[in-house]
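This briefing covers nonpolar packing and charged side-chain pairs. Please consult the sequence and coordinates shown below while reading.

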Amino acid sequence: MPSINILSPHVADLIAAGEVVERPASVIKELMENAFDAGAKNVTVEIRGGGAPYIRVTDDGCGMAPEDAGVAFLRHATSKLHDERGLEAIQTMGFRGEALAAISAVSHIELHTREKGSQSGTRVTLSGGDIQEMLPDGCPEGTTMIVRDLFYNTPARLKFLKSDRAEAGTCVQTALRCALGRPEVSVRMLRDGKEEFFSPGDGREDSCVYTLLGRELAGSMLRCVSEDEGLKLTGFVSSPSAGRGNRSAQFFFCNGRFIRSQLLQAALEQAYRNTLLTGRYPACVLYLNLSAASVDVNVHPAKVEVKFSYEKKVFDLVYNAVRLSLEGENRTAAVELSSSTRKAVEPKPDFYRSMSAESFRSNGYAVEKPKSAPLPTPASAPKPTAFAGFATLRETAETMQQSLDLTAPQKIEKFEEKVQDSTANRVEPVEKAVQNVEKPALPAYQILGETMKTYILVELGEELMLIDKHAAHERMNFDRLRAMDREIMSQTLLTPAHLRLNAADAELLEQNGELLAELGFEIEEFGGDDYVIRAIPADILFSDALPAVEEILEKLRRGKAPDKQSARDEILHTVACKAAIKAGWDTSDAERERIVREVLSGRVKYCPHGRPVSAILTRKDLDKMFKRIV
Ligand code: ADP
Ligand code: MG
């Protein structure tokens with residue numbers, strides 16, 4: 001490492017200065033970043049208690065020359081920044097030269113360091129920032145920094161610390177984040193002598209994520225890769241069925257640095273729109289790499305917030321990459337075995353240590369890079385033509401009456417047959433050709449039947465696919481309704497349904513009246529608290545009119561539709577759900593076939609609430625279950 005210099009007061013003032021040592025975890029972050037900056041390949045982090053009594057970070061990086069070992073603890077002493085120009089393109093994790101000064105001021109420090117290629121090393125001890133001793137030392141190449149009795153001389157800060165357990169937990173979390181950002185560095189974390197985690201440091205993002213976040217989370221993740229004019233994004237996002245209750249499993253790294261970013265979070269979450277259950281959040285480990293000049297890390301003392309020069313570009317890159325991964329997900333969700341079955345088929349408790357990268361890959365975790373087909377923008381996506389016959393149908397009151405007498409599945413089938421008839425001749429040949437080209441070839445399949453009037457069983461070579469018919473049909477309805485650019489067909493109820501509303505609900509309906517009308521609902525005031533539903537979307541049954549409106553009202557009440565687009569989606573969710581065939585209903589062969597084909601085409605993966613529509617049991621899964629293999 002180049003020798004350490006003291007920044008001029010001018011440059012020092014330009015730096016977003018601030019508190020770097022708030023708690024033991026901040027010490028860990030700073031020491032680990034120093035190790036990374038020193039080019040370490042192996043780093044060990046050890047804590048005792050909550051970290052305040054003892055923190056050790058050992059690395060095999062470049063080490064420090066004896067003359068630098070003492071200087072390093074002076075304020076604004078850094079080897080990483082020389083002048084103002086350097087500030088515009090920070091390549092290292094550190095640059096302020098503040099951390100060691102701040103840490104040493106509030107602890108007892110013992111430093112052992114030996115520069116690469118040097119005959120001997122140096123040992124320095126400090127108390128409250130003052131050097132006590134500086135001696136030659138026979139330590140190995142690299143650096144060991146031991147921080148004892150953090151905040152011993154600042155009782156107020158010591159009192160501010162939480163329980164040992166909580167502080168230690170934060171230390172482990174912080175170290176884990178740092179490790180996750182550096183797949184090329186092997187990090188071992190010890191807590192009270194016991195190993196908390198270990199990352200292999202083989203430079204592979206997949207093994208890093210797998211060993212640090214565990215198999216369950218890693219197993220649900222999809223590869224994400226994208227590049228655009230000097231911006232590069234790699235990493236993993238969770239499949240929608242693995243949504244989590246909070247955002248704690250969202251990890252964003254920018255040039256190896258863990259960051260918090262509302263921009264990246266929004267790009268990620270928008271890409272999951274309509275695929276995740278409400279109140280669930282995607283997990284991700286995303287590595288963004290861009291030129292040091294296009295990101296400013298000097299906006300926050302702890303450097304966890306950054307400012308991008310091209311926010312829109314970064315947003316689009318992340319959004320599109322995540323969308324592509326979700327669309328390119330070529331496997332349906334893995335079968336979740338019950339915990340007892342899982343125990344029976346999985347004898348290895350220490351699974352990830354003993355698992356080779358190869359078997360890890362074959363477990364479906366490291367999905368190949370999705371084909372980089374351009375994202376279908378709303379403008380270029382082919383519009384479904386199947387429902388172009390609305391106008392003619394609308395005119396036939398008689399058809400309506402008949403339609404009301406049928407069950408929903410019969411009705412939908414009839415309706416679609418009719419519509420297809422009436423549109424068949426009107427489809428332009430060119431459009432037809434385009435549609436044919438875009439239809440993906442389906443794998444060979446055989447529909448075996450249905451079980452529990454809920455799951456369709458499909459044989460695909462050596463795999464058995466189970467499809468939740470309601471969930472799949474709900475998604476098909478939702479996509480179809482959502483893609484329609486005209487008003488949704490409405491059916492007038494012969495006997496209007498009666499509804500009693502309090503003032504708040506009436507107000508909600510009024511506010512969303514226009515949207516509801518667009519989507520096929522006609523609701524009128526009838527005097528006092530009484531309202532009537534005069535018409536509902538043609539897809540849903542009369543008996544579902546009231547439940548549908550009540551469900552929509554409930555969503556509006558709970559504030560689930562803050563803007564028009566989400567209100568539209570929420571209403572469409574309800575319509576799609578009510579119009580879908582239900583578990584427990586009889587389903588015709590033709591209908592079953594249609595659902596299976598849609599699922600196999602890859603267009604239907606999750607219901608609009610984010611539940612998976614299908615699951616696969618492979619021969620291997622079954623053989624394991626029956627102990628033909630172990
Ligand atoms: P900064 O990292 O911002 O430069 P620090 O106070 O963290 O400031 O460190 C001061 C200097 O000490 C660094 O610039 C570096 O030269 C040296 N240093 C700190 N830790 C290590 C280490 N683990 N290996 C080699 N050099 C180190
Ligand atoms: Mg530093």
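Leaving aside neighbours within four places in sequence, with which residues is valine 43 in contact? In this predicted model, the partners of valine 43 are Ala35, Phe36, Val57, Thr58, Asp59, Val185, Ser186, Val187 and Arg188.

**Nonpolar cores**
- The largest nonpolar core comprises 61 residues, and Val43 is among those with the most contacts inside it, as are Leu31, Leu180, Val187, Phe197, Val209 and Val285.
- Helix 6 (residues 164-180) gives the most to this core, contributing 8 residues.
- Another core, of 32 residues, lies apart from it and includes Phe478, Leu481, Leu501 and Ile571.

**Salt bridges**
- The structure holds 37 salt bridges.
- One of them joins arginine 247 and glutamate 269 at 2.6 Å, N to O. Arginine 247 sits in the loop between strand 12 (231-238) and strand 13 (250-254), while glutamate 269 belongs to helix 9 (residues 262-271), 22 residues apart.
- Arginine 500 pairs with aspartate 530, with the closest N and O atoms 3.1 Å apart. Because arginine 500 lies in strand 21 (residues 490-500) and aspartate 530 in strand 23 (residues 530-537), the pair ties together parts that are 30 residues apart in sequence. Arginine 500 is exposed, at 62% relative accessible area, whereas aspartate 530 counts as buried, at 17%.
- Lysine 578 forms a salt bridge with glutamate 551, the closest N and O atoms being 3.1 Å apart. This pair links helix 22 (residues 564-579), which holds lysine 578, with helix 21 (residues 545-557), which holds glutamate 551. Lysine 578 is buried, at 11% relative accessible area, and glutamate 551 is partly exposed, at 26%.
- Glu450, Lys469, Asp589 and Arg592 are joined into one network by salt bridges that share partners.

Technical notes:
Residues numbered from 1 in each chain as written. Chains lettered and ligands numbered in written order. Predicted model: local features only at pLDDT ≥ 70, side-chain atom pairs only at ≥ 80, totals over all residues. Heavy atoms only, no water. Core = buried A, V, L, I, M, F, W, Y, C linked by side-chain atoms within 4.5 Å. Buried < 20%, exposed > 50% of the residue type's maximum accessible area, 1.4 Å probe, protein only. Helix = DSSP H or I, 4+ residues; strand = E, 2+ residues; numbered from the N terminus. Contact = heavy atoms within 4.5 Å. Salt bridge = Lys/Arg side-chain N within 4 Å of Asp/Glu carboxyl O.
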